[in-house]
Amino acid sequence: SQYHKMYRTVKATSGRQIFQPLHTLRAAEKELLPGFHQFEWQPALKNVSESYNVGIINGLSGWTSSLDDSPADTITRRFRYDVALVAALKDLEEDIMEGLRDTGMEDSACTLGFRVMIKECCDGMGDVSEKHGGGPAVPEKAVRFSFTVMSVSIQAEDEQEEVTIFTEPKPNSELSCKPLCLMFVDESDHETLTAVLGPIVAERNAMKESRLILSMGGMPRSFRFHFRGTGYDEKMVREMEGLEASGSTYICTLCDSSRAEAAQNMVLHSITRSHDENLERYEIWRTNPFSESVDELRDRVKGVSAKPFLETQPTLDALHCDIGNATEFYKIFQDEIGEVYKNPNPSREERRSWRAALDKQLRKKMKLKPVMRMNGNYARRLMTMEATEVVCELVPSEERREVLRELMRLYLQMKPVWRATCPAKECPDQLCRYSFNSQRFADLLSATFKYRYNGKITNYLHKTLAHVPEIIERDGSIGAWASEGNESANKLFRRFRKMNARQSKA
């Protein structure tokens, strides 16, 4: 009614119709929602109905409701995966057609051979309780699964080369990150999570085997989809791929290194893990063909002790990498203020006083309020030369200060490489020097900070030092495949639940 009033007033006073009448808006919105466009799959998808006009469905459709904790019909809502992908492609229709024209391809000749790259993200969110709602009782955790169309390319029949006709310019914006499924599930509750994601995985597997026929620019064209699950943080990857939790001795989701090995040899590792290998290893773990003891068996399967459920692409999550490394630097700063290298086992009180000193200094000089858990914004402010200078004021010995500065300098050289959407364009020099820088960084850690890295190293630090160049060589980017889009859309989710994130408990 508000809108209607506005519509009438504006029309009456200006004589021009700026606002559209409501029913036209509704009609326009319908086209943007999944379930509007006609399409078909060849061959038809296994176990997925052929109807195309399905909108929002109950994520548990197909499961019998024996989940007694909370009423089953409130747990999850989702779009059917193929229907959502069609809506996302139709959304990009103009861009795709323009891309075809720009590459000078004959529009009517290009009906086959389209390849679509999809990035998948999935992230758990804590505390999404209704602040004052009378809704049904649901667990106060949510998991959001979403996808982004990263690129569309085409291989014409007579051509060898693939030509990319569309690339998502902002792969980490919440605008390009399309929600597929919202669930009120705790991400640590493996059983429920797999039950809810099960149908999505099944649809995704079915789509890999088939091609989509969809009209684009007035002609039916055929698309094949490639899915890359890269937008998961380490916790989620370990859960989906059947690895032990992140405190495990098998520190890496990309290689088989143990924590002690990774601390010994910080730089030289290559990516070995993959979804298929994890499945094989799980079979070995389950059957124990060589009748080994638990320890031998665990060493043979390198910590794969549950059935991998969803295929993820072994990569590094740029956002959590930032956060993990900032946490590590924060601890190094404390240790340096307290000169731990001289006095290897300080008491708790001493540690507390160094931390208080560090926080006070950062607050005074950098206006950085201490945070409970390290977050992205804090990490960005802490990892600067400015912050390092501020911390150095508290470090007694000059040579230790120099080392800290050097560490931060190297880190700042390395960081753009795994943050940039396209490192070869945005920071080619840092990309070339990455291996050298990471080697130097590792040497500093193992020499000057031996007290911290003796047989132990954090997961993300290991990945930052050992795996970045290889991932970039393979994918061309780490930043573009990160989970930020999904993380920033979490804010929207909170907003729609009228939950303004943790501002008031009233």
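**An enclosed helix and its surroundings**

Author: Helix H17, residues 459-466, has eight of its eight residues buried, so the rest of the structure largely encloses it. Buried here means under 20% relative accessible area, with exposed meaning over 50% and partly exposed in between, using a 1.4 Å probe and protein chains only. Helices are DSSP runs of H or I with at least four residues, strands are runs of E with at least two, and both are numbered from the N terminus.

This is a predicted model, in which local features need pLDDT of at least 70 and side-chain atom pairs count only at pLDDT 80 or more, while totals for chains, interfaces and linings use all residues. Residues are numbered from 1 along each chain as its sequence is written, and side-chain values use heavy atoms, leaving out hydrogens and water.

The buried residues of H17 include Tyr-460, Leu-461, Leu-465 and Ala-466. Among them are also Asn-459, His-462, Lys-463 and Thr-464. They pack against six named helices: H6 (234-240), H7 (259-264), H10, H14 (398-419), H16 (428-448) and H18 (468-475). Contact means heavy atoms within 4.5 Å.

In soluble globular proteins, nonpolar side chains tend to be buried together.

Setting aside residues up to four places away in sequence, Leu-362 touches Tyr-330, Lys-367, Leu-368, Tyr-378, Leu-382 and Val-391. Helix H12 (residues 376-382) contains Gly-376, which is buried with a relative accessible area of 12%.

Lys-302 lies in the loop between helix H9 (294-301) and H10, and its phi is near 50 degrees, a positive value in a residue other than glycine. Glu-339 is in the loop between H10 and helix H11 (348-366). Phi of Glu-339 is likewise near 50 degrees, and Glu-339 is buried, at a relative accessible area of 17%.

Elsewhere, the peptide bond from Gln-42 to Pro-43 is cis, with omega near -15 degrees. Pro-43 belongs to the loop between strand E1 (39-42) and strand E2 (56-58).

Now the chain as a whole. Its secondary structure comes to 19 helices and nine strands. The radius of gyration is 26 Å, close to the 23 Å that the globule rule gives for 506 residues, so the chain is as compact as a globular protein of that length. That radius is taken over C-alpha atoms, and the rule is 2.2 Å times the number of residues to the power 0.38. Of the 506 residues, 50% count as buried. Among contacts between residues at least 6 apart in sequence, 71% join residues at least 24 apart.
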